[in-house]
Amino acid sequence: MRRRNARGALLCLLLMVSLLLASCGGTAPVQPTPSAAEPATTPSPVPPTATPTLGPPVPEPVEPVTGMPQGDERFPWWNHSVFYEIFVRSFYDSDGDGIGDFNGIIEKLDYLNDGEPKTDTELGVTALWLMPIFPAASYHGYDATDYYSVNPEYGTMEDFKRLLDEAHARGMRVIIDLMLNHTSREHPWFVEAQNPDSPYRDWYIWAEEPQGRGPDGQVVWHPAPSGGYYYGLFWDGMPDLNFTNPDVTSEMQEVARFWLEDVGVDGFRLDGARYLVETEQALADSDANHAWFQEFNTFVKGVNPEAVLVGEVWTTTFTVVTYIKGGELDTAFAFDQAAAILSSLNFARAETALDQMALDARLYPEGQLAPFLTNHDQNRVMSELGDQEEVRHAAAMLLTAWGTPFIYYGEEIGMTGVKPDERIRTPMQWAGGDKAGFTTGTPWQPVSQTDPAFTVEAQSEDPDSLLSFYRRLVKLRSEHIALRVGQPYFLEIDPAPVYALLRASPEEVVLVVLNLGKEAVSEYNLSLESGPLQGRYRVVDLLGAGEFPDLEANAEGGFDQYLPLPELPPNARLILQLQPVGR
Ligand SMILES: [Ca+2]
Ligand SMILES: [Ca+2]
Ligand SMILES: [Ca+2]
């Protein structure tokens, strides 16, 4: 585990700030920019004997991530990571055919994380999820025709391995989508399976006549070219594999081994994980399905103990958590929380998000959930909220939340998109115009916005842009252990638009306060009945300047009626570090 010497760095920093203040007459307010908190990159000539408690408080990085995030005694590496979901076809086209590709991602890796601690011009994410990269029949790739090679439209296996190397060199891990439940109807296995005598016949699920509807009442039995019907949960283009056949299980374990061991990915996002094994009793979340994933997880960890399995179990929290508690998935997307965050913002009611977060904190095994705002199956968050300030609140909630956050590409520049699916997966807007700086050719899909304001180019140098805000939040998460793995504590709050969450690890405490409303709030209450606090804290905003009263813990380790500001301005966003005084 690599650590910076935070205490030494703080000392140098405080000394530098004191000197600066002295030379300015000591009256200028300190702008606590996060970059000023970079540890001693220039040697300080002052011996470390001065008292570091003088002068206004400044943010102090605590257990920052440097390089590739590592796990610790309690939390695996993914709890110290921020993920970024990429649709390869839409990220960046390196050769002008209008289709994004591996070499395009390589060219843009520095935008995501340049691996250089001295710069903060990158988004700062530390892991990537690539949507399907296998050869497939459809543009989206969820209908694989081969599990052992890459989509030639995206490049070669050598290109992909170079992408892995380049990402790893910058401190980013890479996981890929793995679609176990079904193949393409064009997969050679399914083509061969049309022959009743083929060994592949029993790899799929057949019936003479339709056997009823699917788990959500949908049509799932489709007429087979060879007669009879086959089971295909999602659509007739994706026939379900028969996971009661041990040959299918062996094959899919071999697929996982191949990508982990021979290619070198860091884990998988498991598509449609509820639906692998159907039984008489259940078409989703069957006991046999749970047992299958338990075996699969054991297999994967035998290949690489560090590999992560992130599940798409798109249903209520109560069901999702059963997959994690059973040692089947390592973590899973928090769909209920994502919906609650959007609802919370649409109605300026903090309670909706916080109640769900509290439930999730209680039900999920410690920190093993993956919050997100929207993904490739949902309308984009900017379209759902339609308001720059609300989008920033959403980002602040996401990146200070308990678990492993996932950002959907383009979310950080406010890309819009409403269904159909192609329109929520449009080319990344690097620059303005019809090609969006995405390709020199014709984009495979028209861009969502040609307005130059919603581009990386326009926002990259603007300190007030949404992109800059995302950069600050991701950086804060990487610099502050409390934001990554600090236990969440839920406060007593009123009125409705005031959102607050305390995150506390043994090393650090951070209090997040947002005013979701469009009006200033002057009469409000923030109290924590009991908690992990002790004594007195100086309060520093990690997002900006401002002076705040000290916070005094009550006898139960909580606090009573702490008001960081007498009045919370409209859209206020405070991420407050509580620095212990005298300890
Ligand atoms: Ca291309
Ligand atoms: Ca950097
Ligand atoms: Ca299935």
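Trainee: Which residues have the most contacts inside the largest nonpolar core?

Mentor: Ile86, Val125, Leu128, Ala332, Ala394 and Ala500 do, in a core of 168 residues. A nonpolar core is a set of buried Ala, Val, Leu, Ile, Met, Phe, Trp, Tyr and Cys residues joined through C-beta atoms within 7 Å. This is a predicted model: local features need pLDDT of at least 70, side-chain atom pairs count only at pLDDT 80 or more, and totals for chains, interfaces and linings use all residues. Residues are numbered from 1 along each chain as its sequence is written, while chains are lettered from A and ligands numbered from 1 in the order in which they are written.

Trainee: What does Ala500 touch?

Mentor: Contact is when C-beta atoms, placed from the backbone, lie within 7 Å. Setting aside residues up to four places away in sequence, Ala500 touches Leu491, Ile493, Leu511, Val512, Val513 and Leu526.

Trainee: How many bridges join β13 to β14?

Mentor: Strands of a sheet pair through backbone hydrogen bonds, either parallel or antiparallel. Here strands are DSSP runs of E, at least two residues, and helices are runs of H or I, at least four, numbered from the N terminus; pairing takes at least two DSSP bridges. Eight bridges join β13 (498–505) to β14 (508–515), running antiparallel, and Tyr499 stands opposite Leu514.

Trainee: Is Pro371 buried or exposed?

Mentor: Buried means 20 or more other C-beta atoms within 10 Å, exposed 12 or fewer, partly exposed in between. Pro371 counts as buried because it has 22 C-beta neighbours inside 10 Å. Pro371 sits in the loop between α10 and α11 (381–385).

Notes:
Two residues are in contact if their C-beta atoms, placed from the backbone, lie within 7 Å.
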